[in-house]
Amino acid sequence: MSFVLDKKESQEIRKKLSIDLCDNFIRRLKPYQSKETKLGALIAIRNLIRESKINDPILFSCLVDSITDSDSEIVSLVIKIIKEVSNEDILELLNIKLQEVIDTKVKKEIEKLILSLDSKS
């Protein structure tokens, strides 16, 4: 059994799926979630971006926002993933996050990450 969708229906289904996925990731990356839940969400985001070639700014934003997590293991994974999947949108989001963050330790991590991404491109 196969389904035939026209281009408009296909785009609508993709948008809805993307919105549902991002909503799920946003919930799973909340500070009150367990470390395992956050790690699972980050790995899923990485796989989605790398394997499915999904280019969704909300997904990128979820990833970049996680750099401010209080758990250093989460932050390390976020940095590793950002280095793997970096693009211009992620770099722009990092620059925006740099302006928003107050914590100097987090600022230094973001600055270091931005420099490494800039030298890579």
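A: Let's start with Lys-97, which counts as buried because its relative accessibility is 11%, and the cut-off for buried is under 20%. Keep in mind that this is a predicted model. The side chain of Lys-97 meets that of Glu-100 in a salt bridge, with N and O 3.5 Å apart. Both residues belong to helix 5 (residues 88-100), and they are 3 residues apart, or about one turn of the helix. Another group is a network: Lys-35, Asp-71 and Glu-73 are joined by salt bridges that share partners.

Now for pairs that reach across the chain. Lys-38 and Asp-69 form a salt bridge, at 2.9 Å from N to O. Lys-38 is in helix 2 (residues 35-52), while Asp-69 is in the loop between helix 3 (57-65) and helix 4 (72-85), so this pair ties together parts that are 31 residues apart in sequence. Both Lys-38 and Asp-69 are buried.

Helix 2 and helix 4 turn up again with Arg-46 and Glu-84. Their closest N and O atoms are 3.8 Å apart, in another salt bridge. Glu-84 sits in helix 4 and Arg-46 in helix 2, so parts 38 residues apart in sequence are tied together.

Stepping back, the whole structure has 8 salt bridges, in a protein chain with 6 helices and 0 strands. Of its 121 residues, 34% count as buried.

Terms used:
Residues numbered from 1 in each chain as written. Predicted model: local features only at pLDDT ≥ 70, side-chain atom pairs only at ≥ 80, totals over all residues. Heavy atoms only, no water. Helix = DSSP H or I, 4+ residues; strand = E, 2+ residues; numbered from the N terminus. Buried < 20%, exposed > 50% of the residue type's maximum accessible area, 1.4 Å probe, protein only. Salt bridge = Lys/Arg side-chain N within 4 Å of Asp/Glu carboxyl O.
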